[in-house]
Each structure stands twice: as structure tokens, then as C-alpha cells.
Amino acid sequence: MSRPYRIMIIDDEKIVGDMAKLSLEKDGYEVETFLNAAPALERLKAEQFDIVVTDYKMRGIDGMEVLNTVKRLYPQIKVIMITAFANLDTAIEALRGDVHDFFPKPVKIKELKASIRKALTGAA
Amino acid sequence: MSRPALGLRSGIIELGRRLFRKVAGNRSCDFRALFGQFRRVLDLHNTAAERIADMGEKLSGEYIFDIVYIRQSYNELHRVFAALLSQFSLLTKDRYRGLGRRLEGIDHEVRRLIDDNGEPSTDLVVPLASARMSRLQDVGGKMANLGSLGNLAGITIPQGFVITTRSFDDFMQHNGLTAQVDRLIDDWETNTASFERVQTAIRSGALPPAVHDAIAGALQALTNGPHQGFLAVRSSAVGEDGEFSFAGQFETVLNVPPDMQSLTTAYKEVVASLFSARPFHYCKEIGCNAAEIRMAVGCIRMIDATASGVTYSADPSGHPEDMLINAAWGLGKAVVEGQVDADAYRVAKSLRPSLRERRIGAKTKMVIPALRGGTVLVDTPADLACRAVIDDRTLMNLANQALTIEEHLRQPQDIEWAMDRSGHITVLQARPIAVRSESGAATRNIPPDSLVVIQTFSGIPARKGTGAGRVFIPDTPDSLDAFPKGGVLVAKNDSSQFVRVMPYASAILTDQGTPTSHMASLCREFRVPTLVNCGNATGSLRNGQEITVRVEESGAVVYEGIHRELTGDGEGKSIDELYEFRRKKYLLRHILPLNLVDPFRDDFTPEACRTLHDILRFVHEKMVIELVEAAEQGLTDRSAVHLELPVPAGIVVIDLGGGIGLPEGAKTATMERVTSVPFRALIEGMTDPGAWHTDMVALQAGDLIAGMMKLADITAPSARVPTANLAIVSHEYLNLSLKFGYHFTMLDCYCSPDRTNNHIYFRFSGGATDITKRSRRARLIENILKTYGFICQIQGAVITARISNIGDVEMTGILDRVGRLLAYSRQLDAVLHTDESVARYSRSFLNGDYRL
């Protein structure tokens with residue numbers, strides 16, 4: 001049997017990672033959470049992930065930088081962006097960076113899961 | 001027979017005219033202005049309700065949210081509430097000033113939670129009596145809970161004071177302990193000696209001079225009386241007992257002599273207990289950061305207890321309708337540590353609690369205060385061991401206290417109490433019970449033939465479920481280090497020490513113990529299937545034996561071998577158990593719950609509003625009442641017209657705009673002219689020829705006499721009655737005061753295309769017959785209104801019913817039925833001769849059969 005899909009969550013608020021991890025693990029995904037982007041990008045060097053869910057606005061490396069880095073180094077990984085500061089400009093910026101999906105917070109868990117499923121079947 | 005009825009009707013019509021002339025002539029206040037204000041309040045009320053509902057949904061666990069969302073949505077909510085109260089205060093002429101203060105208080109609490117840093121208090125010591133939830137950050141969960149109970153009627157709390165978290169911070173800093181704690185956070189999992197290191201440093205630390213003086217002052221004030229009792233020194237960590245129970249995790253030092261040296265030693269002992277393996281493991285399990293916990297310490301005068309115990313205001317093992325009360329001789333330590341076979345009572349939880357089950361235990365041991373401080377476990381005098389500790393009166397007293405406390409703290413509580421020689425009860429502690437849904441842990445169906453039962457135990461389940469693993473029987477607390485992952489813990493007593501292994505335990509069986517012990521509450525928190533008080537599990541199982549345990553209602557069945565397929569709860573952790581989630585969601589406690597439900601109670605006041613929802617409820621009740629009263633007092637203008645209906649209802653109408661289509665100056669209107677949506681629907685129903693009976697139904701002799709007396713009251717020229725049969729309408733609004741015979745009805749409703757605006761408020765009272773028949777009529781109306789979706793309250797013969805948030809089409813349908821009901825119920829009393837007839841007439845009405 002192939003390995004379970006692996007998902008990385010990057011958000012500087014612990015609750016976001018905690019809730020996402022708990023909900024996604026119930027569906028059989030392997031989930032790792034990070035409070036900032038630097039160690040998360042480091043981790044991508046060592047481990048293969050299928051999806052990266054990242055916050056848009058973070059201290060240090062922000063979500064756009066995560067998106068651009070991931071797309072440059074690991075183009076097969078789908079990136080989903082979530083943000084509390086949703087507006088048209090951020091959405092357009094993210095879309096230009098080839099984001100798979102873009103959600104304003106609060107994110108309905110069902111919708112996030114649906115988006116992940118879609119990203120994975122598209123990838124298969 | 002029809003003469004009295006006609007006389008009455010014409011009397012009322014005349015009365016209505018007279019009253020109306022009087023009010024319309026004397027007062028020309030502008031009802032339109034009042035109504036406009038009402039609309040402004042209503043709009044804000046609805047916006048506030050929507051915002052609350054939205055926040056509740058977003059924080060329900062179905063959404064991933066962050067603090068930015070909470071901050072933004074709360075700011076918006078607060079802005080709406082501030083505007084609402086300012087408009088409401090204009091509507092009610094500032095009669096409910098307390099509301100503004102309540103909003104301020106709630107706002108303060110919520111912002112504290114959002115920012116997590118409210119203004120730090122500089123108090124080093126706080127009297128227990130002034131410890132409150134609003135000072136949670138200063139006094140810790142346990143003392144905040146206890147202090148807040150002191151104000152409740154019928155509840156006594158001990159005297160004492162709290163050494164605050166500020167003192168704790170100062171103490172840690174003064175002794176250079178902060179850096180040591182940081183190191184501990186990094187290495188405790190690999191280096192168990194680290195705990196010892198920090199604890200030793202704490203024990204040898206000195207109180208900062210200011211802290212020392214503050215404690216000495218409080219101690220002197222406490223012991224400056226005839227009773228120079230010893231003290232109980234108790235932990236009260238922040239985070240503790242508010243969210244997670246931390247039951248038994250930290251030290252409590254009992255019977256401390258009331259001198260500074262002993263108290264300081266005990267204080268440091270309690271502080272040191274924060275830095276031990278148990279709470280750190282516990283924190284790791286629930287995902288909180290042990291370094292963030294701060295310790296306040298309660299110093300409480302010991303009660304000279306002849307007996308003590310624990311009350312659970314709801315049985316956590318799946319019977320929330322029952323309370324559990326355990327009692328034993330001496331100090332309560334024996335009960336909470338499960339060292340004694342305590343008396344156990346099961347009490348049905350209701351306004352008048354009643355005993356369901358009583359089991360008197362063999363209390364061969366008891367814990368008593370030692371002469372020079374501390375406690376000892378001694379043999380109970382032989383004549384006491386098997387005697388009941390409390391009598392029935394005390395039992396009911398305990399049950400009632402538990403109800404009071406649960407109502408105050410809004411969730412089931414685990415209450416420790418002590419009883420002195422005179423039988424007086426003092427509450428020592430209250431904390432929420434971790435009541436979890438047992439469904440996840442429900443035992444799966446076990447094929448009965450394929451398993452070998454090796455043992456059954458009767459006992460008390462602390463948590464039901466099935467677990468499998470190797471038996472582990474510890475002989476000393478240290479031997480727990482060898483506990484195998486996934487093992488089944490079998491022990492003599494229940495002990496909160498076991499929390500160390502709880503994350504790895506599959507099930508727990510103890511020979512002795514109570515479902516109200518610390519360990520039992522931890523088992524529920526960690527979801528470990530557990531049976532306590534099962535007699536001789538340690539004697540009948542052996543170390544290393546592979547078993548599967550199924551804990552059920554009344555005991556446990558032990559099967560041979562490990563059958564993992566039968567275990568586990570499949571569901572895993574739920575969002576609700578995420579520490580961060582609960583921490584963030586905590587603020588909803590100040591927003592969502594509705595406590596103020598009964599407008600008939602004396603405590604339906606601004607001061608009683610504990611949440612934003614309460615404020616909203618209060619505003620809604622009073623804004624409608626404001627309109628009703630204004631209408632009743634004849635606050636009106638001159639645009640009144642007489643309504644001509646096919647039935648003699650005698651209604652005068654005041655149109656606020658769009659309610660009646662009439663040329664200027666017209667004084668009468670027919671039904672066809674009514675353009676008010678709710679009023680039109682109502683009168684169409686009311687004038688239904690089937691529902692409006694013109695024949696007088698025969699009254700029985702007693703009814704007639706009662707009726708005649710009422711008739712005299714109503715028709716006497718001096719009688720003060722509210723304006724009869726007055727409708728105030730707009731296109732979307734109706735306020736109707738109606739008097740048919742002896743029945744007074746008030747109906748207030750709003751019916752617009754936006755369902756969130758819509759409400760019907762209905763009040764029905766009066767009646768010519770005796771109270772039995774009147775209450776039958778009340779029940780009949782209640783039956784019918786409930787069928788339409790109303791929420792009803794009956795007080796004597798008065799019914800109040802409400803329905804809101806319904807679409808206009810549905811609402812006009814309901815109003816039509818309510819109109820029929822008003823007509824139908826005019827003479828209903830007279831036929832409701834038996835209780836059975838209530839159901840019969842309800843059914844016929846609902847079936848459209850209006851015959852009496």
C-alpha cells in the first residue's frame with residue numbers, strides 16, 4: 001500500500017495548526033504543523049509532502065514567499081493559502097503565484113478538506 | 001340565556017369607547033415617534049442576534065479560526081451592542097441603567113480573554129471573599145470559583161485569603177527561579193532530576209519582603225479572633241479548574257499551624273508541586289504549556305469537620321439526571337483519594353431532589369487532623385464505621401446546595417464539603433466535572449461465544465468502555481515507572497498519582513475507590529475505561545496477564561487475551577478537547593449562554609444579565625413591553641378609527657402608517673380596508689363564522705356566580721381596566737389589546753418579509769370560571785400554540801407565548817389560526833368539565849372542528 005498523503009500546515013497561530021491537524025488526521029492524512037515558515041521549508045528538504053497549507057501573513061517568511069519557494073523547488077506540491085486579511089489584491093497575488101486554493105479565515109473545515117481532496121485527485 | 005352575553009358585550013364596547021375618548025382626548029403623545037424608536041432598537045437587536053449566532057457558528061468547531069477573527073468579530077459585536085443600548089435607553093427613558101454597566105463588565109471579561117493580559121493586578125494577597133471569576137488571573141481557578149460561591153444564598157465558604165499569582169511571579173523572580181524553569185521546560189522529558197532541582201530551589205527560597213508582609217498581615221487578620229484554627233493551604237493555578245480539571249495534580253497541605261513559618265513552608269510546598277512530573281505530563285497530554293501555568297495559593301481556615309464528602313451535581317457516567325453524594329467520617333482527603341469505602345447516595349436531580357439509592361459503606365478508616373499539624377489516617381471507632389454519616393435532612397441540604405452551585409457556575413460541578421459538629425455544611429471547593437459523551441467509548445458488540453470470561457467484578461464505573469492489555473499491579477508508587485504502554489492498571493486504591501501512566505493505560509480497575517475521586521475525574525478526561533470499588537481485583541488478577549476489560553453500567557467483565565478489535569473509541573480526540581480551541585472558545589461563555597429565560601421571575605433584571613445573550617433577551621422583552629404599556633396607557637394620537645367587523649369585536653384601530661387604507665378624516669373602516677399584514681391575517685381568522693360562536697354556551701351554576709362577579713367588576717363605572725380592544729398597527733406591525741368577556745389578550749407581532757425581524761408575543765389571562773377550568777383552558781391554548789411552534793409559559797391562568805424568526809407566509813397562517821383561537825376560546829371555560837376534555841377540544845380545534 002502506498003504511504004498516506006502528507007500535509008504540512010504553516011500558521012503562526014497554534015490553534016490553526018491544531019484544529020487542521022486534528023480534523024485532517026481523522027481522514028487518514030499525515031499532518032505536520034509549523035508555527036513559522038523557516039523550519040517548515042527546512043523540513044521540505046528532508047520529507048516529501050503532497051500539500052502545503054500556509055497562512056498568508058506571518059512574521060519572518062510570509063505566505064507568498066512560502067508559495068514562491070515551494071513552487072520553485074517542489075512544483076508538484078499543491079499550496080493552499082488561508083488568510084485573515086482577505087482582499088482582492090492578496091487573492092490576485094496568490095493566484096499569480098499559482099496557488100491551488102485561497103480561503104479567508106475562518107475556514108470551514110469541510111471546504112478545506114474538499115479542496116485538499118481535489119488537489120490530490122488532480123495530482124494523481 | 002343570551003342576554004347576559006349581549007349585555008356584557010355592549011358594556012365592553014361602550015367601555016372601550018369611553019376609555020378611548022378619554023385617552024385620545026387627554027393625551028396626544030406621538031405613538032409614531034415611540035414606534036420609530038422601537039424599530040431602531042429592533043433593527044439593532046436583530047443585527048446583534050445575527051452577530052452572536054455567527055460567532056457561535058464560527059467557533060463551533062466546524063471552522064478553523066484565529067485570533068484576528070475573534071478580535072474583529074467581537075469588536076463589531078460590541079459596537080452593535082453599544083448602539084443597541086443607547087437606542088434602547090432612549091426608548092425606555094433610561095430606565096434600565098444597569099444594562100450599560102453589565103455590558104461594560106462583560107466587555108472587560110471578554111477583552112481580557114482575547115488579549116490574554118488584562119491589567120495585571122498589584123495585589124499580593126486577596127481576601128477569599130472577594131475572589132471572583134473576574135480575578136481569575138490573580139487568584140487562580142479554584143479560589144475564583146470558591147470565592148464566587150460565598151454570595152450564594154444557603155452556601156457557606158470558609159474564611160481565608162489568597163496569595164496571588166503576582167506574589168508567585170515576585171517569589172520566582174526574587175529567588176532567580178525563572179531561568180531554572182526555562183531549563184526545566186527544555187529538559188524535563190530526558191532528565192527527571194530537573195524537577196528535583198527546581199523544587200529544592202523553591203523550598204529553600206525566601207519570600208520577597210513585600211510578599212512576606214502582605215501574607216503576615218492577612219494571617220493576623222484571619223487569626224485575630226476567638227477561633228485560632230489551623231489552615232488548609234491549597235493550590236489554585238491559573239488554568240486549573242477553569243478549563244481542565246488538574247484534579248489532584250498539585251499539593252494541598254492540610255492542618256497547617258497558623259504561624260508565618262509553617263505557612264511559608266506550606267506555601268513553598270504547594271508552589272513546588274507545580275514543577276513535578278505529573279502536571280507536566282498532564283499538560284503535554286492536553287497540549288498546554290506547563291511554563292505558562294502560574295500558581296496562586298489559598299490559605300483557608302480548616303473546618304473542624306466531623307464528616308466530609310464530595311457531591312457530583314451530575315453523574316458523569318451517563319446519568320446526568322442524577323446527583324452523586326459521597327460521605328465519610330473525618331476529613332475529605334479520604335474520599336477524594338479513594339482511601340475509604342464511603343457512604344454513597346444517588347439523588348434524583350430536580351427542583352425537589354429525592355433519594356434514589358443509598359449504600360452505607362464500611363468506613364473502617366478515617367483521616368483526621370494531627371495535633372501538631374498535618375493529617376493522619378486512623379481506624380474509625382467501631383460503632384461509627386458502618387453508621388450513616390449524614391441524615392436525610394443533610395442529604396437534601398447537600399443536594400440543594402449542589403443545584404444552587406451548578407446553576408451559578410452553569411455546568412455540573414464536583415463539590416468538596418465539610419460538616420462541623422453542629423451539622424453545618426461548608427463548601428471547600430467546586431470545580432467542573434469533565435462530563436464526556438460516552439458514545440465514542442461505547443462498547444462494541446462482543447460475540448459472546450468466542451470469548452472466555454475469566455472474571456466479573458461488580459463496582460462503580462468511573463468511565464465506561466473497553467480496554468485490553470497486560471495487567472500491571474503496582475506495589476509502590478515508584479514501581480509505576482515500569483508500567484507497560486497499553487497496560488491495564490490494577491490497584492488497591494484509586495490515586496491521582498496514576499495520572500503519570502494514564503495516557504498509556506488501556507483500562508483501570510481498583511479494589512476501592514469512589515466515582516467522585518480525583519482519579520475518577522482524570523480517567524474521564526483521559527478517556528480510560530475505569531471501574532472503581534471492585535472488591536478484589538488485585539487478588540484475582542496477576543501481573544502480566546493478558547486481558548480485555550469491558551466496563552459497563554454496574555461492573556466489569558474480564559475476558560482472556562487481548563482483543564484490540566473490541567477496544568478503542570474509533571472517534572479519537574474531538575475538536576472540543578483541543579486545549580487551544582477551548583481556550584479561545586472560552587470567551588463565548590460571556591456571550592452565548594442564555595440564563596435569563598423567565599421574565600416572570602424577580603431576578604429578570606439588568607443586574608442578572610451575565611452574557612450578551614442575556615442582555616439581548618432583556619432588551620427584547622422590555623422593548624415589546626414598552627410598546628404594550630404605551631398602548632395600554634393610551635399613548636396615542638388622533639388618527640383612530642372604529643373597525644366594523646362581521647362580528648361584534650369592538651376594536652378601535654390606530655394606524656402608524658400603511659396599516660389602513662382610508663381617506664383623511666374617516667372614522668370607521670371595514671375589514672377590506674385593513675392593509676396591515678398581521679392584523680388582516682388575525683381578523684380574518686377571528687371572524688371565521690365557524691370559530692366565532694354566537695350562541696352562549698351553558699355555564700354551570702358555580703361558573704355563573706363567578707362570572708357575575710367579574711361582570712360587575714368590568715362594567716362598574718369606577719372600574720380601572722386597560723384600554724379594551726385597541727389595535728395599533730402599521731403595514732408590518734400589530735399590537736392588539738383585546739378583551740372578550742373575561743379574557744384579556746395581548747398580542748404583539750411584527751410580520752415582514754425578513755424573517756429575522758418577525759415575532760409574535762401573546763399573553764392571555766382572565767376567565768370567568770373557577771381556577772381548575774381556567775387552568776384547563778390555559779393548557780388547551782398551550783397545546784394548540786405549541787403545535788404552531790410557540791414557546792409557552794403558564795403561570796396560573798396566564799399564558800405567555802412567543803414565536804420568532806418565522807417567514808411572513810407561515811406567520812400569516814399562524815395569525816389566522818390564532819384569530820380563530822381567540823374567537824373559539826371566548827366560551828371555552830364553560831365546556832372544559834374534565835381534564836380529558838382538554839385533549840379532545842385541542843384535537844377538534846386543530847382539525848378545524850370548532851363546535852363546542
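**What the labels rest on**

Reply: Read along the sequence, chain A goes β-α-β-α-β-α-β-α-β-β-α. That is five helices and six strands in chain A. Chain B has 23 helices and 31 strands. This is a predicted model, where local features need pLDDT of at least 70 and side-chain atom pairs count only at pLDDT 80 or more, while totals for chains, interfaces and linings use all residues. Residues are numbered from 1 along each chain as its sequence is written, chains are lettered from A and ligands numbered from 1 in the order written, and side-chain values use heavy atoms, without hydrogens and water.

Me: What makes helix H19 of chain B mostly covered?

Reply: Seven of its 10 residues are buried. Buried means under 20% relative accessible area, exposed over 50%, and partly exposed in between, with a 1.4 Å probe and protein chains only. The buried ones in H19(B) are Pro678(B), Phe679(B), Ala681(B), Leu682(B), Ile683(B), Gly685(B) and Met686(B). Their cover includes strands E23 (640-644), E24 (651-657) and E26 (726-730) of chain B, along with helix H22 (808-824). Across whole chains, buried residues make up 52% of the 124 in chain A and 56% of the 852 in chain B.

Me: Why is Arg820(B) called buried?

Reply: Its relative accessible area is 14%, so Arg820(B) falls under the 20% limit. Arg820(B) sits in helix H22 of chain B. It touches Gly685(B), Met686(B), Asp688(B), Ala691(B), Phe845(B) and Tyr850(B), leaving out residues up to four places away in sequence. Touching is contact, meaning heavy atoms within 4.5 Å. Tyr850(B) is 30 residues from Arg820(B) along the chain, yet their C-alpha atoms are separated by 8.8 Å.

Me: Why are helices H6 and H7 of chain B roughly perpendicular?

Reply: The axes of H6(B) (residues 165-174) and H7(B) (residues 177-187) come within 6 Å and cross at roughly 90°. That makes H6(B) roughly perpendicular to H7(B). The label needs 65 to 115 degrees; under 35 is roughly parallel, over 145 roughly antiparallel, and the rest oblique. Axes are lines fitted to C-alpha atoms, for helices over the stretch in contact, with angles from 0 to 180 degrees between N-to-C directions. Phe171(B), Met172(B) and Gln173(B) of H6(B) meet Leu177(B), Thr178(B) and Val181(B) of H7(B). By class, that contact has four nonpolar, two polar and no charged residues.

Me: Which residues have the most contacts inside the largest nonpolar core?

Reply: They are Phe81(B), Leu612(B) and Ile615(B), in a core of 80 residues. Helix H3 (residues 67-91) of chain B gives the most to this core, 11 residues. At least three residues come from each of domain 1 (31-95 + 592-627) and domain 5 (637-846) of chain B. Apart from this core lies another, of 57 residues, among them Val641(B), Leu645(B), Val674(B) and Leu821(B). A nonpolar core is a set of buried Ala, Val, Leu, Ile, Met, Phe, Trp, Tyr and Cys residues joined through side-chain atoms within 4.5 Å. The domain bounds come from an automatic or database assignment.

Me: What makes the phi of Lys93(B) and Asn533(B) stand out?

Reply: Most residues other than glycine have a negative phi. Lys93(B) has a positive phi of about 50° and is not a glycine. Asn533(B) has a positive phi as well, near 60°.

Me: How do you know whether Lys93(B) and Asn533(B) are buried or exposed?

Reply: Lys93(B) has 62% relative accessibility, so it passes the 50% limit and counts as exposed. Lys93(B) lies in the loop between H3 and helix H4 (98-115) of chain B. Asn533(B) is buried, at 16%. Its loop joins strand E20 (530-532) and helix H16 (537-540) of chain B.

Me: Which peptide bond is cis?

Reply: The one from Lys105(A) to Pro106(A), with omega near -5°. Pro106(A) is in the loop between strands E5 (101-104) and E6 (107-108) of chain A.

Technical notes. Helix = DSSP H or I, 4+ residues; strand = E, 2+ residues; numbered from the N terminus. Nonpolar A, V, L, I, M, F, W, Y, C, P; charged D, E, K, R; others polar.
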